[in-house]
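This briefing covers helix packing, sheet arrangement and the relation between the chains. Please read it alongside the sequence and coordinates shown here.

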Protein chains: 2
Amino acid sequence: MTVTVPAGFAASGVHCGIRRSRPDLAVVRSLACATGAAMFTANRAAAAPVKVSREHLELAEPQAVVINSGTANAGTGVRGELAARATAAEAGRLLGLAAEEVLVLSTGVIGEPLPLDKVLPGLEKAVGALSPDGGPAAAEAILTTDTRTKQAVAEGPGFTVAGMAKGSGMIHPNLATMLAVVTTDYPLEPAAAWEFLRPAVGESFNSISVDGECSTNDAVVLLANGASGAARDDDTFAAALAEVCRELARQIVEDGEGATVVAEIAVTGAASEPEARAIARRIATSPLVKTALFGRDANWGRVLAAAGSAPYNGGYAHLDPDRVSLRYNGAPVLVRGTPQGLEPELDGPTCRIDLDLGLGDAQASYLTSDLSYDYVRINADYRT
Amino acid sequence: MTVTVPAGFAASGVHCGIRRSRPDLAVVRSLACATGAAMFTANRAAAAPVKVSREHLELAEPQAVVINSGTANAGTGVRGELAARATAAEAGRLLGLAAEEVLVLSTGVIGEPLPLDKVLPGLEKAVGALSPDGGPAAAEAILTTDTRTKQAVAEGPGFTVAGMAKGSGMIHPNLATMLAVVTTDYPLEPAAAWEFLRPAVGESFNSISVDGECSTNDAVVLLANGASGAARDDDTFAAALAEVCRELARQIVEDGEGATVVAEIAVTGAASEPEARAIARRIATSPLVKTALFGRDANWGRVLAAAGSAPYNGGYAHLDPDRVSLRYNGAPVLVRGTPQGLEPELDGPTCRIDLDLGLGDAQASYLTSDLSYDYVRINADYRT
């Protein structure tokens with residue numbers, strides 16, 4: 001039951017008509033006074049709702065989130081911004097909140113305006129449908145090309161952390177079209193939400209890639225209302241939050257557009273942590289690595305080539321081909337620069353690629369999916 | 001007749017057995033004493049032949065180039081390096097040149113060693129076949145997944161510049177698996193070849209992308225032997241060289257793996273030239289833009305999203321969504337941040353996307369191809 005599992009939250013998901021026949025409008029609200037934080041896309045062409053939500057976060061603690069699917073309300077100019085503000089204002093009116101206490105998120109096609117004639121009546125329906133059992137309906141209403149809902153729950157001593165997410169394309173670090181809402185009844189101090197959210201996002205949503213794209217709309221929201229009355233245990237809370245974020249991130253990659261395999265790219269022995277990340281990211285986004293994964297063909301030279309061209313500091317991250325070792329599902333194909341003549345088996349829905357650079361102690365890992373015919377089909381046909 | 005059109009060059013292409021039934025070994029040599037230059041991949045996992053050729057260029061003026069297809073001789077450790085050295089030494093012996101006067105280039109699968117038992121006898125055959133009519137045979141022998149040869153010729157007053165290239169996948173700036181050999185009978189000063197080659201490559205081979213990959217083996221070689229006896233006219237020579245490089249680069253994109261459309265991404269109004277390039281490159285490598293091109297669906301928001309997330313200086317290049325204008329084949333879909341409600345027609349084999357950032361005077365452009373089912377098919381099956 002996802003975001004409504006923690007005490008003191010209600011949610012709903014309804015159909016307001018942006019999309020022809022699928023639910024397209026979700027509301028999540030805290031019933032007790034909440035504190036919260038949100039992280040947004042770094043894209044310079046951030047969507048109108050991102051701009052408006054950023055402003056709202058500076059003015060007030062978030063108490064509710066409104067999410068529509070079907071249109072991203074991005075690239076829509078002044079009209080789009082007014083529509084995002086009107087959405088937050090109307091939701092606030094219906095919920096008895098200030099407009100600034102409402103965050104608005106959108107996902108869908110870029111460049112199409114938000115149809116207020118559908119969203120405003122839809123809000124009345126969605127607010128009327130708010131329920132402590134509404135988590136699954138909300139999780140359904142935020143999907144676009146996703147094939148299934150993404151939900152996760154972690155329990156701590158006396159409290160719960162839960163989350164829902166959407167995203168299967170445009171998935172890449174810096175939150176590329178993925179939206180996630182994480183709720184908890186843990187008693188966070190006001191303003192403390194940021195310090196917990198940032199590291200949790202770094203090692204989850206910012207360490208996955210489906211297609212290397214960075215969306216205009218990505219957002220992760222954390223709402224904490226303390227309704228559990230649990231004692232403070234910040235380490236345990238941080239672990240539960242990280243678990244929910246990692247689990248949602250994994251589900252996003254598993255449901256990556258056209259994905260037939262989930263690969264974990266583990267880079268060790270790098271000269272520095274940023275270089276380890278740059279190399280893991282480069283491999284995780286390489287079309288040649290990803291098509292080879294789809295073909296269940298190790299073709300490991302592509303991993304080496306990608307690793308050798310990882311953008312870092314205006315050049316490429318450090319790599320010495322004579323020190324590199326590479327394993328597929330544990331099978332060594334390259335040991336300190338020397339090919340082993342092995343052809344690893346790559347059956348099954350998961351694959352682990354271990355790249356040891358042999359240069360230092362730094363490491364990083366990424367989850368990625370393969371690049372299949374279906375990815376092309378889905379994205380060549382997205383709007384039709 | 002490509003690289004043998006300029007006076008004083010001979011070439012050949014033969015089958016030596018690395019590949020089952022296609023020609024796989026090419027030799028180009030200057031018959032008069034030549035000066036030359038070469039630019040190689042920036043990939044840190046550069047192949048053995050790149051390492052060896054770089055060394056040779058520091059020791060001597062290049063007089064001949066040996067190119068094999070079928071294996072990249074990359075990721076092959078010490079054994080690969082010895083094989084590259086043996087190839088240059090044997091070619092030098094057969095051609096009456098020092099080993100250091102021979103450049104060696106390889107293209108094909110990474111991680112497989114160069115089979116000297118085939119290459120050394122093959123060299124004897126290839127040197128025996130050298131002919132002033134051998135350009136097309138050489139252009140054929142260097143291909144891998146290419147569907148056709150890439151050849152270009154430009155005439156100056158009394159001299160000729162000609163080139164051949166290969167490459168259709170792993171194509172990206174910094175020379176990703178593409179090889180090109182450009183010959184000219186123009187009388188270049190020794191050591192001057194670099195200053196002509198660098199800018200010509202920058203605006204041609206380094207401004208195209210098929211899949212954003214950077215190969216371990218890319219190289220562009222320029223050999224100039226002065227055999228035309230033409231008068232020096234450096235500006236005209238530079239223009240002819242640029243024309244040949246641009247033409248070869250265009251042919252590479254047209255023959256991009258699975259390409260059904262060639263798109264020119266022209267970015268203007270950028271805050272700086274590096275940012276213009278970063279944005280053009282980001283759009284040109286975006287899987288979502290490229291699948292939309294395949295679907296002949298403008299879905300222009302994807303261009304905006306890509307432009308807003310162009311890596312630059314540790315962050316993203318400057319872009320203000322309220323100032324951006326975007327045209328497809330001349331049709332304005334977005335004018336200073338406001339969508340125009342237009343749905344541009346995208347039929348035909350070419351597409352031009354003009355993005356005006358409205359920030360400054362800097363500009364850059366890129367050629368790219370679309371991402372189709374065939375790209376996935378070719379790369380999922382490459383080795384089978």
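Helix H5 of chain A, residues 193-202, lies across strands E3 and E10 of chain A and runs at about 35 degrees to E3(A). The model is predicted.

**Sheet in chain A**

- E3(A) and E10(A) belong to an open sheet of 5 strands with mixed pairing, in the order E3-E10-E8-E7-E6.
- The edges of this sheet are E3 (35-40) and E6 (150-156) of chain A, each of which pairs on one side only.
- From one strand to the next, the twist averages 10 degrees.
- E3(A) pairs with E10(A), residues 219-224, in the antiparallel sense, and 6 bridges connect them.
- Within this pair, Ala37(A) is placed opposite Leu222(A) of E10(A).
- In general, the strands of a sheet pair through backbone hydrogen bonds, in either a parallel or an antiparallel way.

**Sheet in chain B**

- Chain B has an open sheet of 5 strands, ordered E3-E10-E8-E7-E6 and mixed in its pairing.
- Its edge strands are E3 (35-40) and E6 (150-156) of chain B, with pairing on one side only for each.
- The average twist is 10 degrees from one strand to the next.
- Strand E7(B), residues 159-166, and strand E8(B), residues 179-184, form an antiparallel pair over 6 bridges.
- In that pair, Met164(B) stands opposite Val181(B), which is in E8(B).

**Helices H1 and H2 of chain A**

- Two packed helices are described by the angle between their axes and by the distance between those axes.
- For H1(A), residues 48-59, and H2(A), residues 77-95, the axes come within 8 Å and cross at roughly 50 degrees.
- The crossing of H1(A) with H2(A) is right-handed.
- On the H1(A) side the contact consists of Ala48(A), Pro49(A), Lys51(A), Val52(A), Glu55(A) and His56(A); on the H2(A) side are Gly80(A), Glu81(A), Ala84(A), Arg85(A) and Ala88(A).
- Sorted by class, the residues of this contact are 5 nonpolar, 2 polar and 4 charged.

**Relation between the copies**

- Chain B is superposed on chain A by a rotation of 180 degrees with 0.0 Å of shift along the axis, at an RMSD of 0.1 Å.
- The two copies are therefore related as by a two-fold rotation axis.
- Tyr373(B) has the C-alpha nearest the axis in chain B, at 2.7 Å from it.
- Of the interface residues of chain B, 100% are also interface residues in chain A, so the copies meet through the same surface.

**Helix H8 of chain A against helix H10 of chain B**

- H8(A), residues 287-294, packs with H10(B), residues 373-380, at an angle of about 75 degrees, and the axes are 8 Å apart.
- H8(A) and H10(B) are thus roughly perpendicular to each other.
- H8(A) contributes Pro287(A), Leu288(A), Thr291(A), Ala292(A) and Phe294(A) to the contact, and H10(B) contributes Tyr375(B), Val376(B), Asn379(B) and Ala380(B).
- The contact of H8(A) with H10(B) contains 7 nonpolar and 2 polar residues, and no charged ones.

Notes:
Residues are numbered from 1 along each chain as its sequence is written. Chains are lettered from A and ligands numbered from 1 in the order in which they are written. This is a predicted model: local features need pLDDT of at least 70, side-chain atom pairs count only at pLDDT 80 or more; totals for chains, interfaces and linings use all residues. Side-chain values use heavy atoms; hydrogens and water are left out. Axes are lines fitted to C-alpha atoms, for helices over the stretch in contact, and angles run from 0 to 180 degrees between N-to-C directions. Helices (H or I, at least four residues) and strands (E, at least two) are DSSP runs, numbered from the N terminus. A crossing is left-handed if the near helix is turned anticlockwise from the far one by less than a right angle, and right-handed if clockwise. Contact means heavy atoms within 4.5 Å. Ala, Val, Leu, Ile, Met, Phe, Trp, Tyr, Cys and Pro count as nonpolar, Asp, Glu, Lys and Arg as charged, and the others, Gly among them, as polar. Two strands pair if DSSP finds at least two bridges between them. Copies are superposed by least squares on the C-alpha atoms of residues with pLDDT of at least 70 in both. Angles under 35 degrees count as roughly parallel, over 145 as roughly antiparallel, 65 to 115 as roughly perpendicular and the rest as oblique.
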